[in-house]
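Please keep the sequence and the 3D view at hand while reading.

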Amino acid sequence: MHKATKATLTIGDTTIELPVLTGTEGERTIDISALRKQTGMTTFDPGYVNTAACQSAITFLDGEKGILRHRGYPIEQLVKECEFVEVAYLLVHGALPDKRQREDFSSKLNRHSMLHEDMRFFFRNYPERAHPMAILSSMAISLSTFCPEVEEMDVDAQVDEAMTTLLSQLRTIAAFSYRKFEGKPFVYPDHKLRYCENLLKMMFDSPVEPYELDPVLVRAMNALLIIHADHEQNCSTSAVRLVGSSGANLFASIAAGICALWGPKHGGANQAVIEMLEGIRRDGLKVSDVVTRAKAKDNPFRLMGFGHRVYKTYDPRARIAKKLCDQVLERLGIKDPLLDIALELEQAALADDYFVERKLYPNVDFYTGIVFRAMGIPTDMFTVMFAIGRLPGWIAHWIEWMNDPYQRIGRPRQLYVGPVTQDVVPLAKR
Ligand code: SDX
């Protein structure tokens with residue numbers, strides 16, 4: 001981070017100078033951390049639309065150009081060249097692993113992948129059809145009760161133990177929550193399999209119908225997890241950082257991230273997209289009418305999987321997911337009518353002035369559900385898949401934040417607009 005220039009701010013008779021910080025990609029931000037001390041004023045920015053809450057060296061986004069890079073590597077190259085485990089390593093450790101490092105990391109993840117046997121019984125008590133995101137978030141925090149030593153460890157040791165446990169066991173929990181949802185027996189991880197192979201096998205294997213791993217689907221699962229792996233200061237990552245800033249451990253911070261991800265404006269949008277497309281097909285709606293409804297000010301409905309806080313052009317991950325739709329559907333010989341509706345919807349929205357003026361394009365969630373669905377993953381599990389992909393990103397941000405010299409407890413200010421002082425009237429007189 002570079003501090004070269006200053007911004008001048010004049011409020012009435014007072015003029016102050018504020019440092020302007022420049023990042024490695026030339027982005028500039030005004031450091032207002034001393035503003036209140038100097039002027040008595042705060043800044044007002046609901047939804048943090050304009051606030052850089054931290055410095056970060058993990059992910060770079062250019063929302064105008066549609067660029068996404070992790071540690072400098074373009075997302076397209078990472079999808080083409082890497083397994084998910086390599087991208088997880090890159091995010092957390094800062095560099096791509098060599099062959100030996102990748103194998104060490106993979107076997108470490110495999111060694112950690114068994115759940116404590118007592119945790120299996122937790123699944124029994126969730127009601128049938130419990131939403132897998134509810135199970136995932138409560139299991140993430142439950143995991144910490146089986147690793148009480150993390151509280152005692154220093155950040156580095158805590159990170160290594162907790163990170164490995166989370167990466168390998170949340171995947172097992174995700175698969176088990178799916179089996180619970182389906183009312184099927186749990187399938188244990190197999191040490192001979194790689195990360196995504198194990199995930200597919202744990203979800204789909206059956207004692208009566210063994211699951212054959214298909215390299216195209218394994219590749220697609222790797223790509224899907226990679227495109228979800230990190231996205232700088234999104235809502236769930238900010239939740240992880242905020243909870244971590246109080247000194248809460250990594251498990252607690254990740255559980256908060258999972259809860260934040262669940263909402264339909266964030267990761268829950270992948271489920272909402274398929275529900276929207278299914279609704280269009282079921283009710284025989286015209287795509288043009290759906291677009292009209294999404295524009296109406298007096299209607300809360302919005303086109304799910306469209307729009308983004310940062311991207312004002314096509315989300316590069318949506319482009320990758322769209323290609324994956326073709327590859328996976330072709331491989332499985334599936335013709336999904338929802339894909340045709342999605343393509344028609346995209347075309348109609350991108351030609352509409354409302355969407356053009358507001359620069360609303362498909363985001364990561366628009367096409368991923370069609371791929372998950374083709375692979376046999378039920379709609380309720382889509383956001384869980386997003387969470388498994390996002391896990392290394394959350395962990396990397398938590399580690400970075402814990403080691404950041406600027407780190408302080410997260411505590412925004414407010415502009416109070418409630419009643420001024422009033423006296424309490426005793427209950428008898430109210
Ligand atoms: C993710 O932040 C990240 O990086 C997130 C993510 C990640 O990897 O972590 O990329 C993952 O969360 C993707 C987003 C998934 N959500 C959806 O697909 C839900 C539908 N989209 C939106 O609700 C919305 O676009 C958001 C939540 C994604 C962004 O919200 P913003 O930045 O607060 O934008 P906004 O709601 O203020 O929208 C600006 C304008 C408004 O119109 P005006 O009031 O100016 O007239 O655009 C309109 C909005 O009404 N608008 C839409 C729309 N999205 C925005 N209109 C119709 N359909 C939409 N989808």
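How much space lies in the second largest pocket? The space in the second largest pocket is about 240 Å³. This is a predicted model, in which local features need pLDDT of at least 70 and side-chain atom pairs count only at pLDDT 80 or more, while totals for chains, interfaces and linings use all residues. Residues are numbered from 1 along each chain as its sequence is written, and side-chain values use heavy atoms, with hydrogens and water left out.

**The pocket**
- Two or more lining residues come from each of α2 (75-81), α9 (215-228) and α14 (316-332).
- The lining includes Glu-76, Lys-80, Arg-219 and Lys-323, and by class it has six nonpolar, one polar and four charged residues.

**Helices α3 and α18**
- The axes (lines fitted to C-alpha atoms, for helices over the stretch in contact) of α3 (residues 84-93) and α18 (residues 382-402) come within 8 Å and cross at roughly 15°.
- The two helices α3 and α18 are therefore roughly parallel to each other, a term for angles under 35 degrees, whereas those over 145 count as roughly antiparallel.
- Contact, meaning heavy atoms within 4.5 Å, involves residues including Phe-84 and Leu-91 of α3 and Ile-388 and Pro-392 of α18.

**Helices α6 and α11**
- Helix α6 (residues 132-145) packs with helix α11 (residues 250-262) at an angle of about 170°, their axes lying 8 Å apart, and α6 and α11 are therefore roughly antiparallel.
- The residues in contact include Met-133 and Leu-136 of α6 and Phe-251 and Trp-262 of α11, and the contact divides into 13 nonpolar, two polar and no charged residues.

Technical notes:
Axes fitted to C-alpha atoms, helices over the stretch in contact; angles between N-to-C directions. Helix = DSSP H or I, 4+ residues; strand = E, 2+ residues; numbered from the N terminus. Parallel < 35°, antiparallel > 145°, perpendicular 65-115°, else oblique. 1 Å grid on protein atoms, 1.4 Å probe; cavity = no way out; pocket = protein on both sides within 12 Å on 5 of 7 lines; lining within 4 Å. Points joined across faces, edges and corners; volume = space filled by probe spheres on them. Nonpolar A, V, L, I, M, F, W, Y, C, P; charged D, E, K, R; others polar.
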